[in-house]
Every structure is written in C-alpha cells, then in structure tokens.
Amino acid sequence: MIRVEKIQIPTLPTKKPRRLYIYTPKGYEASDERYPVLYMFDGHNVFYDSHATYGKSWGMKQYLEKSRRPLILVAVECNPEGENRMNEYTPFDIWWKGRLMFEARGQLTMDWFVNELKPRIDREYRTLPDREHTLIAGSSMGGLMALYAAVAYNGTFSRAAALSPSLWAARGHEAELLKAHPLQAPTRIYMDMGTAEADPKTGFLTGVFRTAQRLTRAGAVVDARIVPDARHSEAYWEQRIPVFMAYLLD
C-alpha cells in the first residue's frame with residue numbers, strides 16, 4: 001500500500017505543498033513485524049509515472065510487489081518551485097564564474113529528514129529504527145545527497161545507494177567532509193554511473209571510482225560500477241534497482 005499526503009517543510013518553505021509517499025509491504029496491517037526503512041529523494045519520480053517529472057518513474061512499486069521485500073519505503077518530493085530543488089539537494093554552495101549559482105541547503109534538508117521525518121515514521125509505523133536498518137537512496141543530485149547523508153549523518157544511515165550522483169557539485173569538499181565525519185561500521189554504499197551520461201573526457205566516470213576510493217579508505221564497504229550505455233534517466237535507474245537493493249539488503 002502507498003499512502004500519499006501533502007506536506008510542508010517549515011525550514012524549506014514552498015507556496016506549493018510537496019508530496020510525501022509512504023509504502024508499506026503486503027501483509028503489514030495483518031502482522032506485528034517490524035521493518036527496515038529506505039528513504040528516497042525525488043519522491044514524485046519513485047512510484048507513479050503520472051507523477052514523474054518526465055512521465056517515467058523508477059517503478060519501485062512494481063519492484064517491491066514482485067520481489068516481496070519486507071521494507072517500508074518513504075519518498076519525499078523535491079521542492080517544486082524554480083531552482084529550489086538544486087538548492088535543497090546540494091550540501092555545498094555551487095559557484096560558476098565568480099557567481100553563486102546554488103545556495104547549499106542540503107544540511108537543512110537532511111536535518112529535517114533526521115530530526116523530523118524519521119522520528120515521525122518511527123512513531124507511526126512499525127520500523128526497525130536503528131542505523132543498521134535505516135537506508136537512503138537517490139539519483140543525480142539526489143544521489144549526491146544520499147552520499148552526503150551516509151557520511152554526514154552516518155549515525156542515522158548505515159547504507160546508501162547513489163545512482164548517477166552529481167559528484168561535480170562536491171569537488172573539493174569530499175576529503176574535508178570525510179575528515180569531519182568518521183564513519184561507523186558497518187557502512188555500505190552502492191554508487192554507479194552510465195557510460196552514456198557523460199563524455200569520458202570530463203572525468204565524471206572516473207570520479208565515481210575516486211569517490212569510492214575515498215569512501216573505502218574512510219572505512220565504508222563500496223560497490224562502484226560503470227554501467228554500459230546507460231543514460232541519465234529514471235528508465236535506466238529502474239534497471240539497476242535489483243542490483244543496488246540486493247547489495248544493500250542481502
């Protein structure tokens with residue numbers, strides 16, 4: 001079952017409310033079982049094609065129903081107004097030619113996830129609230145946020161999946177972030193990028209492995225992959241769902 005409600009985030013205000021999606025597995029209502037929780041960014045793109053920005057979702061509903069994974073999934077729509085998605089999904093100020101392009105509100109976003117959303121989910125649903133059973137995932141800027149959450153909020157999230165993460169927005173910050181936030185064990189991270197997403201000359205593809213090496217040296221267990229011919233879209237991220245879910249949960 002998927003519950004959809006409209007919410008406001010006081011520290012990240014919008015005129016238009018955003019949607020919160022909460023998936024509970026089949027049999028949830030009839031049991032006393034407790035479940036791990038996966039939090040996801042860009043929630044409007046997670047379940048329904050009709051809600052997705054470009055008309056194609058990840059198809060997580062179909063995957064979860066078919067796989068019967070015992071999991072609660074909580075997905076939050078991004079800020080729907082203007083460039084606010086970029087601001088809310090970057091932990092670092094992004095400058096271009098001496099001008100501030102995007103203001104870092106990623107910490108505000110994650111503070112709300114950790115201090116407001118997660119406690120509410122743990123109160124209202126039968127969760128396994130410890131860090132070992134709390135996961136986070138996203139793609140593109142949401143993938144960058146999943147990596148940021150796994151490091152800066154490592155006491156809450158032990159596992160993360162970052163599909164096609166926008167690592168370009170973190171250049172120069174990764175080392176200082178890892179130095180400031182020592183990782184606990186276990187910390188498990190999946191990350192990938194498709195060969196059709198970027199020209200190899202840009203360094204985006206090799207950046208996946210540079211980041212994976214930094215995370216590994218910091219104590220994380222990392223699965224980093226380059227996916228042949230994959231593009232930057234939900235249709236391709238959907239194909240990788242069984243891969244990253246198996247890595248995080250099995």
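The model is predicted, so local features need pLDDT of at least 70 and side-chain atom pairs count only at pLDDT 80 or more, while totals for chains, interfaces and linings use all residues. Residues are numbered from 1 along each chain as its sequence is written, and side-chain values use heavy atoms, with hydrogens and water left out.

**Aromatic rings**

- A pair of aromatic rings is described by the distance of the centres and the angle of the planes.
- Rings of Phe, Tyr and Trp (its six-membered ring) pair if their centres lie within 6.5 Å; planes under 30 degrees apart count as stacked, over 60 as edge-to-face and the rest as tilted.
- The count by this rule is 16 aromatic pairs.
- Tyr 23 and Phe 47 form a stacked pair, because their ring centres are 6.4 Å apart and their planes are at 25°.
- Tyr 23 belongs to strand 2 (residues 18-23) and Phe 47 to the loop between strand 3 (37-40) and helix 1 (60-67), so this pair ties together parts that are 24 residues apart in sequence.
- Helices (H or I, at least four residues) and strands (E, at least two) are DSSP runs, numbered from the N terminus.
- Tyr 23 counts as buried at 3% relative accessibility, and Phe 47 counts as buried at 2%; buried means under 20% relative accessible area, exposed over 50%, and partly exposed in between (1.4 Å probe, protein chains only).
- The pair of Tyr 28 and Tyr 35 is tilted, because the centres are 5.7 Å apart and the planes are at 40°; both residues are buried.
- One aromatic cluster is formed by Tyr 39, Phe 41, Tyr 89, Trp 112, Phe 113 and Phe 157.

**Charges over rings**

- A charge sits over a ring if NZ of Lys or CZ of Arg is within 6 Å of the ring centre and within 35 degrees of the ring normal.
- Arg 126 lies over the face of Tyr 28, 4.1 Å from the ring centre.
- Arg 188 has its charged end over the ring of Tyr 247, at 5.6 Å from the centre.

**Nonpolar cores**

- A nonpolar core is a set of buried Ala, Val, Leu, Ile, Met, Phe, Trp, Tyr and Cys residues joined through side-chain atoms within 4.5 Å.
- The largest nonpolar core has 55 residues, of which Tyr 39, Val 74, Met 110, Leu 117 and Ile 136 touch the most other members.
- Helix 4 (residues 141-152) gives the largest share of this core, 10 residues.
- Another core, of 25 residues, lies apart from it and has among its members Tyr 21, Tyr 23, Phe 47 and Leu 135.

**Strand 2**

- Strand 1 (residues 2-7) pairs with strand 2 in the antiparallel sense over 6 bridges, and Arg 3 has Ile 22 as its bridge partner; two strands pair if DSSP finds at least two bridges between them.
- Strand 2 and strand 4 (residues 72-76) run antiparallel and are joined by 4 bridges; the bridge partner of Tyr 21 in strand 4 is Ala 75.

**Thr 211**

- Thr 211 is found in helix 6 (residues 204-217) and is buried, with a relative accessible area of 7%.
- Not counting residues up to four places away in sequence, Thr 211 touches Leu 167, Glu 174 and Met 191; contact means heavy atoms within 4.5 Å.
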